[in-house]
Structures are given as structure tokens and as C-alpha cells.
Amino acid sequence: MNNHYYIVDVFADNKYAGNPLAVFTNSANIDTQEMQSIAKEINYSETTFITSPQKNNGGYEVRIFTPNREIPFAGHPTLGTAYIIQQIIIKKPVEKIILNLEEGQIPVTINYKNSLPEWLWMRQKAPYFGSKLPGSVIAEVLRLNPSDIDLRWPIQEVSTGLPFIIVPLKNISALQQISLNIDKYYQLIAETEAKCILVFSPETYYPENNLHVRVFCNYMGISEDPATGSANGCLAGYLTQYTYFGDENINIRVEQGYEIGRPSLLLLKASRNDVCIDINIGGKVILVAKGEFLVPAK
């Protein structure tokens, strides 16, 4: 059976930047094992499968796989899949698209320019703040000096659907020097809910940006991710929770992926309301390629 797929670059200003994603648009007859095998074959951070072109409860059914496992939520797959749904399935401008993910329904709003999507925004779930971790342990995992960590802020597990360990550093020099100690990393995540680490610095490559970020997720089969919407959603909640910028409202630009040659730009908005922290992550999506994947007939 032939299955159409599309490759997009997410959180990218140009092709071959940002985070690449493969999106399969007709996946009803692909079983879970084959989806996992396809994701491993493609070997991007994530691959998504739209299991029906028809809405269910107002949203489109989507499954997300890393090379190693299925996950309940991820950021750049949400934006990239919404883009393909709008361009290939709906084929006309719509203001909002809802994805039915394992984690729940995630809405994506689209801003257009000349009838083409320019910026896509996803509203993430309210953040959950988990365990705080000692700087000495994290320094060993990252092969940094404990003094490189900015201990004015906590090292903490945060989740908006997929948990990450958030680590504040003092400067970009320390962030550039990170070399993951794999043994120490797996010792750490054996005791934590979060299996991935987001490290950030207030120093950036470009002055118009506010933070520089790196994300490590070997457990998922991703040694370093070039642009991570889910992790940056956790970061947005963290920055708001601890008023990192001196305010509970943030509207910032985050750069990621430079160390691995995939420069990316993510827009983070967050604010605290009477009930929770409201988080929106935005970025651009660029269509790069399309084709067919040959799946053996049953």
C-alpha cells in the first residue's frame, strides 16, 4: 500500500533549518509496529501519522513517534502536522485546527499572509511543576562546573504534556561546552519522570533574541533536538512561575539548534490568569518535500 508523506521544517525561517518532520496523511491502515518502524527508518526527532482525514470530536486524530517510542505530545510535530492538515486536507484558510493527541486536544491557530500560513501557534496545557534537582548532579550529567549553573533559579521537572528537566545556566559559553555524560544521564532519568533536559542561557547569538536553548533527549532516540516546542512550552511556564524576566507575562524569542547546524526560532508567550499559566508557542513551517512510503500489503 502506498502512503503519501510530506517533509516540513518547523520553527524555521528557511528550508533546511528548524526541526524536520515527516507527516503521513493516510495512516488508517498502518499498524502501530509499522508506524514505529517507519519513524525509526526516517530517523527524525518525530514522525506523525494522521489516522483519518475526517474530524473526530472537532479534531484530527494524530499519533506521534520518535525513533524509539510513541509519545503523547510534542511541539514541532503539532505545528507541522497542523500545517499539512490545512494545506493538504482542508485546502483553504481556516483560523484554527485541533489535533487529537494521546495527551488530549491541542488547538493550533494560524496567521496567514497572502493566503499562506505565516505563523502557527499552539496553546499548550497548563504546566505542572515537579521535583527540584541538585545542581551538583546536573553538572555531572552535562560535564559542567556547578558554578556554571545559575542557582538563583531552581533546576526542576516541568510538564505541559511531556516533562522536561529545566536547567538555567549563567552564559552561552557554558551552554556551548555541554558534553552529555551518558552514564550519568541514564542514572539521573532512572529516578525522574522527565527523560529529557532543556538547558538555557540569557546570552544569545543574536541580540533580538531573548534566550538560547539546547535540548537533550537520548532516551527518546534524540541526542540533541534542533527545535523543541514541548520543551519550550515547559520553559515558558517556568519563566512565568519564577518571574525570570521580572514579570509574570512573557513574550519572547528563543533560539535553538545552532550547535548542530539547524538554527531555529521559537516564539514564547505566557501569562498567569486566575486559574493557571496560559502558554502559547509559535513558529513558522516550511514545506520541503513530498513522496510515497512503500508499506508491504497485509
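Buried area is the accessible area, taken with a 1.4 Å probe, that two parts lose on being put together, summed over both. In this predicted model, local features need pLDDT of at least 70 and side-chain atom pairs count only at pLDDT 80 or more, while totals for chains, interfaces and linings use all residues. Residues are numbered from 1 along each chain as its sequence is written, and side-chain values use heavy atoms, with hydrogens and water left out.

The chain is divided into domain 1 (3-124 + 284-293) and domain 2 (128-275), with bounds that come from an automatic or database domain assignment. The C-alpha centres of domain 1 and domain 2 lie 24 Å apart. Between domain 1 and domain 2 about 1900 Å² is buried, and carbon and sulfur atoms give 57% of this area. Phe11, Trp121 and Gln124 supply 30% of what domain 1 buries against domain 2, more than any other three residues.

Contact (heavy atoms within 4.5 Å) joins 26 residues of domain 1 to 22 residues of domain 2. The interface has 1 salt bridge, a term for a side-chain nitrogen of Lys or Arg within 4 Å of a carboxyl oxygen of Asp or Glu. A salt bridge links the side chains of Asp9 and Arg262, at 3.1 Å from N to O. On the side of domain 1 that touches domain 2, two or more residues each come from strand S1 (2-10), strand S2 (19-24), helix H2 (75-90) and strand S8 (116-124); helices (H or I, at least four residues) and strands (E, at least two) are DSSP runs, numbered from the N terminus. S8 gives the largest share of that side, 4 residues.

The structure also holds 14 aromatic pairs, in which rings of Phe, Tyr and Trp (its six-membered ring) have centres within 6.5 Å, and planes under 30 degrees apart count as stacked, over 60 as edge-to-face and the rest as tilted. Phe24 and Phe49 form a stacked pair, with 5.0 Å centre to centre and 20 degrees between the planes. Because Phe24 lies in strand S2 and Phe49 in strand S3 (residues 47-50), this pair ties together parts that are 25 residues apart in sequence.
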